[in-house]
Amino acid sequence: PEDNARARRALELAARSVERLDGLVSSIRRTDEAIAALIDRPRRPVALSELLTRLGRGYARVAAERGIGLDLSVAPGLTISGGDELVEVIAENLLDNALDFSPPGGRVTLSLTVDGRLAVLAVRDHGPGVAPGDEERIFERHVTHRPDGQGGGVEHYGLGLWIVRRNAEAMGGGAWAANAEGGGLAVRVVLQLGS
């Protein structure tokens, strides 16, 4: 009943506990999937430019709903050797983080360029960046620093960037982050171009 404040409070606490438990289960599942994907190490041609363009267009709608602009600059025709799912998870985690940390009215940039025999995927936001010295630490498992009000209203378990780096390394590449000039965080993922 509406007049039973104690019972209503107990229901609210139970609902929050269930949400947290669901988040923990999802976190464990994501970790298991990431590890299983690394063990399998698929090596198939991945049309990287097409995949990122498709994902970017989908995220542009999500960004617009949040009042954030998403700029795409994808070099055409790039292919790597790896796995579609590994690349999708990299891009999704980077874009999710960038949108979570971008203020309304801000911009996120996803770019794909060529550097010799490397494809360079970069995602940059205009959020708060990270504390100096934490650029490597944010790739560790279960590390997350989200100020109040950031994170899309869901609990985070610090797995996104850990998975990004593991997936990139599984395909012979790597991932790095740096505070961007003018504010925000820029994350670069480097992958070997296919033949």
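Figure 1. Helices (H or I, at least four residues) and strands (E, at least two) are DSSP runs, numbered from the N terminus. This is a predicted model, in which local features need pLDDT of at least 70 and side-chain atom pairs count only at pLDDT 80 or more, while totals for chains, interfaces and linings use all residues. Residues are numbered from 1 along each chain as its sequence is written, and side-chain values use heavy atoms, with hydrogens and water left out. Buried residues of H2 include Leu 48, Leu 51, Leu 52, Leu 55 and Tyr 59; buried means under 20% relative accessible area, exposed over 50%, and partly exposed in between (1.4 Å probe, protein chains only). Their cover includes strand S1 (44-47), S2, strand S3 (79-82), H3, S4 and S5. Just after H2, look for Gly 67, with a positive phi of about 75 degrees.

**Figure 2. The open sheet of 5 strands.** Follow the order S2-S4-S5-S7-S6, with mixed pairing; two strands pair if DSSP finds at least two bridges between them. Strand S2 (69-74) and strand S6 (174-179) are the edges, each pairing on one side only. On average, neighbouring strands of this sheet are turned by 15 degrees against each other, direction ignored. S6 and strand S7 (residues 185-192) run antiparallel and are joined by 6 bridges. Ala 177 is found opposite Val 187 in S7.

**Figure 3. Helices laid on the sheet.** H4 packs on the sheet and touches S6 and S7, its direction making about 140 degrees with that of S6. Helix H2 (residues 48-65) lies across S2, strand S4 (107-115) and strand S5 (118-124), at about 170 degrees to S2. Axes are lines fitted to C-alpha atoms, for helices over the stretch in contact, and angles run from 0 to 180 degrees between N-to-C directions. Contact means heavy atoms within 4.5 Å.

Figure 4. Zoom in on Val 189: leaving aside neighbours within four places in sequence, its contacts include Ile 90, Leu 94, Leu 121, Val 164 and Ala 168.

**Figure 5. Leu 161 on helix H4.** Leu 161 belongs to helix H4 (residues 160-170). Its relative accessibility is 11%, so Leu 161 counts as buried. Not counting residues up to four places away in sequence, Leu 161 touches Leu 94, Asn 97, Ile 138 and Phe 139. Leu 161 and Ile 90 are 71 residues apart in sequence, yet 8.2 Å apart in space, C-alpha to C-alpha.
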